[in-house]
Amino acid sequence: MSNGSADLVEVFSSIQGEGLLVGLRQIFIRFSGCNLTCQYCDTPSAPVDLCQIESTPGRRDFIQLANPVPTERLISLIGGWHRGWPGIHHSISITGGEPLLCHKQLQELLPALRHHLPIYLETNGILHHELAAVIDLVDFVSMDVKLPSTSGYTDVWAAHERFLAIAARKKTCVKAVVGTGTEDWEIHKTAELVAAVDRSIPLILQPYTNQEGRVDLPAIRMLEMQETASRYLQEVRVIPQTHKFIGQL
Ligand code: SF4
């Protein structure tokens, strides 16, 4: 991979199923590779030889391109979609894996993509130095806070704090995957972390959602968690992964 190309998993058009922009249609550019290995991960992020790219937005008529994909090719594709299907997309989701691993490529790619649509960065909220390099090129940041009970990570709180301080320069939301094993102290700590930066930043509690769209977390626990976080924050939402209900990617 060079600055003029990027290792991608897929490029497609779909409905955002999580977080602040849930329900809006986006162009998704999924980068390969991740710096974490969360217990609940269901995202194809490992490097692949071939990138799947839709020929027609939303029609799943994929063609395959060899990785790394030239950034000029990607810019041309997105520009073509924007001209050919004006108004159907709200924004471009830069996702992964962890897209900030490709921050050098993003510095080249994002100014050209942002010419067409706003940029929505989906990130695990760890790589704060890399975020600082691209924060002026994005419009929205959706960052995770990794809870020990669901992700398996116990020592990433400080990285999340530094990351959020930078992300808050743009419209930002924080997402935490919660499950039946999630304890109250994790919700307190997450909400405190967000409130220390800005108590108006939305916190999204995302009940773990399996591939069939089933949520095991009892509704009463969701409400208890929402009540706990709401002591610190102005806006706490509970949103499962809705794209799994409607069979979207
Ligand atoms: S950060 Fe996201 S892509 Fe990476 S391992 Fe965790 S869930 Fe998977």
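Is Glu224 buried, exposed or partly exposed? I looked this up first, and Glu224 counts as partly exposed, at 34% relative accessibility. A reminder to myself: this is a predicted model.

**Entry: Glu224 and its partner**
I then checked what the Glu224 side chain does, and found it meeting Arg221 in a salt bridge, 2.9 Å from N to O. Both sit in helix H7, which covers residues 219–230. They are 3 residues apart there, so about one helical turn separates them.

**Entry: other salt bridges**
I got 11 salt bridges for the structure. I noted Asp136 as exposed, because its relative accessible area is 51% and the cut-off for exposed is over 50%.

Next I looked at Glu235, which forms a salt bridge with Arg237; here the closest N and O atoms are 2.4 Å apart. Glu235 is partly exposed at 28%, and Arg237 counts as partly exposed too, at 30%. I also jotted down a network of salt bridges that links Glu18, Asp144, Lys146 and Lys175.

**Entry: cysteines**
How many disulfides does a search of the whole structure find? I got 0. Cys51 is in no disulfide, and its nearest cysteine sulfur, on Cys102, is 12 Å away. Cys51 is also buried, with a relative accessible area of 0%. Cys173 is in no disulfide either; for this one the nearest cysteine sulfur belongs to Cys38, 16 Å away. I have Cys173 down as buried, at 0% relative accessibility.

**Entry: strands**
I followed strand E4 (residues 50–54) to its neighbours. E4 runs parallel to strand E2 (residues 8–15), and 2 bridges join them. Within that pairing, Val11 has Ile53 in E4 as its bridge partner. E4 also pairs with strand E5 (residues 62–66), in the antiparallel sense, over 5 bridges. There, Leu50 is partnered by Ala66 in E5.

**Entry: core**
Val11 came up again when I looked at the largest nonpolar core, which has 64 residues. Val11, Ile29, Ile94 and Leu113 have the most contacts inside it. Helix H5 (residues 157–167) gives the most to this core, with 6 residues. I took a closer look at Leu113: leaving out residues up to four places away in sequence, Leu113 touches Ile29, Ile75, Ile78, Ile92, Ile94 and Ile119.

Key:
Residues numbered from 1 in each chain as written. Predicted model: local features only at pLDDT ≥ 70, side-chain atom pairs only at ≥ 80, totals over all residues. Heavy atoms only, no water. Pairing = 2+ DSSP bridges. Helix = DSSP H or I, 4+ residues; strand = E, 2+ residues; numbered from the N terminus. Disulfide = S-S within 2.5 Å. Buried < 20%, exposed > 50% of the residue type's maximum accessible area, 1.4 Å probe, protein only. Core = buried A, V, L, I, M, F, W, Y, C linked by side-chain atoms within 4.5 Å. Contact = heavy atoms within 4.5 Å. Salt bridge = Lys/Arg side-chain N within 4 Å of Asp/Glu carboxyl O.
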